[in-house]
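Student: I would like a close look at a single part of this protein. Please take the nonpolar core, and then the elements around it.

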Amino acid sequence: MATTTSYGTWLNHTKHSLDPESVILDYINGGGSDWCGRVEESGAFDRMSSDYRDAVQAALPEGVWLTGEEFIGPAYEKDHSWDGDLDISEIIEGIDVGPIVERWDPDAEWTIEDVTDRLGAGSAGSARKTLSRWGVEATSRQPGRAGQSIFHAEDVIAAMNTRPGRGTRTDLQDDTE
């Protein structure tokens, strides 16, 4: 295992934001206060921040990690998986925040295919069953025989953020009330 060292903090590389969440916050603050409130209340902000962190991590070379607000990686050049200098600032600037924010816009209307993608479900049928379990209902339907059900993104995001954790026994009642 290679020895690691700090490659600096987020602020060292961006010069204008303290952390990845600040980048998302700066981007969405251009929206109206009602919309920003829905982003926060629905949990969409956390999803946006998580996807942004994932995008930064995916853009970093192998062996370099963003941990909290700090970048760490191999201390010695012989352990580097890249050639030349590593420009973390350039990597961060190369990530477009817009599509990440749009992906989790609480005002959007999602088809069942969109929901399947956001949930990481194996099929549309699995996503439908999950939404049914969570009590999320379609708000409308696309026209035509092949039209898909339409779901309000804010409802789906809120349900995703309040779902029970892995292994939670939802069949048991709490009798302490």
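Tutor: A nonpolar core here is a set of buried Ala, Val, Leu, Ile, Met, Phe, Trp, Tyr and Cys residues joined through side-chain atoms within 4.5 Å. The model is predicted. Its largest nonpolar core holds 40 residues. Among these, M48, Y52, F71 and V115 touch the most other members. In general, nonpolar side chains of soluble globular proteins tend to be buried together.

Which elements give two or more residues to this core? They are α2 (20-28), α3 (33-42), α4 (44-59), α5 (88-93), α6 (97-103), α7 (112-119), α8 (124-134) and α9 (153-162).

Next, V115. This residue is one of those with the most core partners, and V115 of α7 also takes part in the contact with α8. The axes of α7 and α8 come within 9 Å and cross at roughly 85 degrees. The two helices are therefore roughly perpendicular to each other. On the α7 side, the contact uses I112, V115, T116 and L119. On the α8 side, it uses A124, A127, R128, T130, L131 and W134. By type, the contact residues are seven nonpolar, two polar and one charged.

Now F71. Strand β3 covers residues 70-74. Three strands form an open sheet in the order β1-β3-β2, with antiparallel pairing. β1 (4-9) and β2 (65-67) each have a single partner strand, so one side of each is left without a neighbour in the sheet. Neighbouring strands here are turned by 35 degrees against each other on average, direction ignored. β1 and β3 pair over five bridges. In that pairing, S6 stands opposite I72 of β3.

β4 (residues 109-111) pairs with β6 in the antiparallel sense over three bridges. There W110 stands opposite F151. β5 (residues 140-141) also runs antiparallel to β6, joined by two bridges. R141 faces S149 across that pairing.

Note on methods: Residues numbered from 1 in each chain as written. Predicted model: local features only at pLDDT ≥ 70, side-chain atom pairs only at ≥ 80, totals over all residues. Heavy atoms only, no water. Pairing = 2+ DSSP bridges. Helix = DSSP H or I, 4+ residues; strand = E, 2+ residues; numbered from the N terminus. Axes fitted to C-alpha atoms, helices over the stretch in contact; angles between N-to-C directions. Buried < 20%, exposed > 50% of the residue type's maximum accessible area, 1.4 Å probe, protein only. Parallel < 35°, antiparallel > 145°, perpendicular 65-115°, else oblique. Contact = heavy atoms within 4.5 Å. Nonpolar A, V, L, I, M, F, W, Y, C, P; charged D, E, K, R; others polar.
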